[in-house]
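Q: Could you take a close look at a single part of this model and describe how it sits within the rest of the chain?

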Amino acid sequence: AAKPEAPSRWFSLSWIQMAAPLAAAALVVLMLMPYLAGPSSDELLTQEVVGGHIRSLMVNHLADVPSTDEHTVKPWFNGKLDFSPPVSDLAKQGFPLVGGRLDYLNNRPVAALVYQRDKHVINVFVWPSNNSARPGGPIKTQEGYHVIRWTSSGMNFWTVSDLEQNQLAKFTDLLKASAATYPSGS
């Protein structure tokens with residue numbers, strides 16, 4: 001009589017006992033990878049933007065050029081930056097221009113335009129976009145401040161304020177419409 005074949009070594013109990021811990025370890029490593037990698041470049045830039053906003057409030061340094069006149073603020077940046085930021089007067093819509101200043105974000109000098117709504121300060125950071133710039137994203141909240149970002153007319157725009165989200169979104173929509181009329185890089 002023929003003897004029945006022995007079970008394949010492939011499915012032996014000892015192989016399963018050895019593979020199970022390896023599979024579990026691989027699963028743990030895969031689950032921890034996002035945490036081990038640290039914050040993304042977008043998260044780091046959001047932290048920088050919020051930090052710039054907070055510093056401007058802490059040292060009472062909102063504007064290097066305090067003015068409600070866009071024709072005073074815009075030319076002030078000439079020779080200080082390698083681009084000309086679009087500056088809009090939104091006072092009629094309830095968001096008066098307070099002035100502008102230089103700041104440093106994303107490893108470069110940027111324009112910081114300052115607006116106000118009631119007693120809330122709104123900082124708008126502007127610098128030229130590159131090909132890898134992504135269009136806007138959802139409103140983020142960090143340290144109690146709301147952040148909205150978008151790209152338009154060859155520029156990155158980041159707004160930050162403790163203003164209520166809907167109000168900041170309204171301001172951003174007004175600014176987007178105004179900035180879209182500026183030629184790219186002018």
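**A close look at helix 4**

A: On one side of helix 4, Asn 166 and Ala 177 are exposed, whereas Leu 168, Phe 171, Thr 172, Leu 175, Ser 178 and Ala 179 of this helix are buried. Viewed down the axis of helix 4, the buried residues fall within an arc of 125°, so they line one face of the helix, and Asn 166 and Ala 177 are on the other side. The partners of the buried residues are strands: they pack against strand 3, strand 4, strand 6 and strand 7.

This is a predicted model, and the protein averages a pLDDT of 83, with 81% of the residues scoring at least 70.

As for the helix itself, helix 4 covers residues 165-179, which makes 15 residues, and from its first C-alpha to its last it reaches 20 Å, close to the 21 Å expected at 1.5 Å a residue. Its N-terminal end is capped by Glu 164, a side-chain oxygen of which lies 3.2 Å from the backbone nitrogen of Asn 166; Asn 166 is also one of the exposed residues mentioned above.

Strand 4, strand 6 and strand 7, against which the buried residues of helix 4 pack, are also among the elements that cover the buried residues of helix 2.

How values were computed. Residues are numbered from 1 along each chain as its sequence is written. This is a predicted model: local features need pLDDT of at least 70, side-chain atom pairs count only at pLDDT 80 or more; totals for chains, interfaces and linings use all residues. Side-chain values use heavy atoms; hydrogens and water are left out. Contact means heavy atoms within 4.5 Å. Helices (H or I, at least four residues) and strands (E, at least two) are DSSP runs, numbered from the N terminus. pLDDT is the predictor's confidence in each residue, from 0 to 100. The expected span of a helix is 1.5 Å times one less than its number of residues. Buried means under 20% relative accessible area, exposed over 50%, partly exposed in between (1.4 Å probe, protein chains only). The arc is that of the directions from the helix axis to the C-beta atoms. A polar contact is a pair of N or O atoms within 3.5 Å; within protein, one must be able to donate a hydrogen and the other to accept it, and residues adjacent in sequence count only if both atoms are side-chain atoms.
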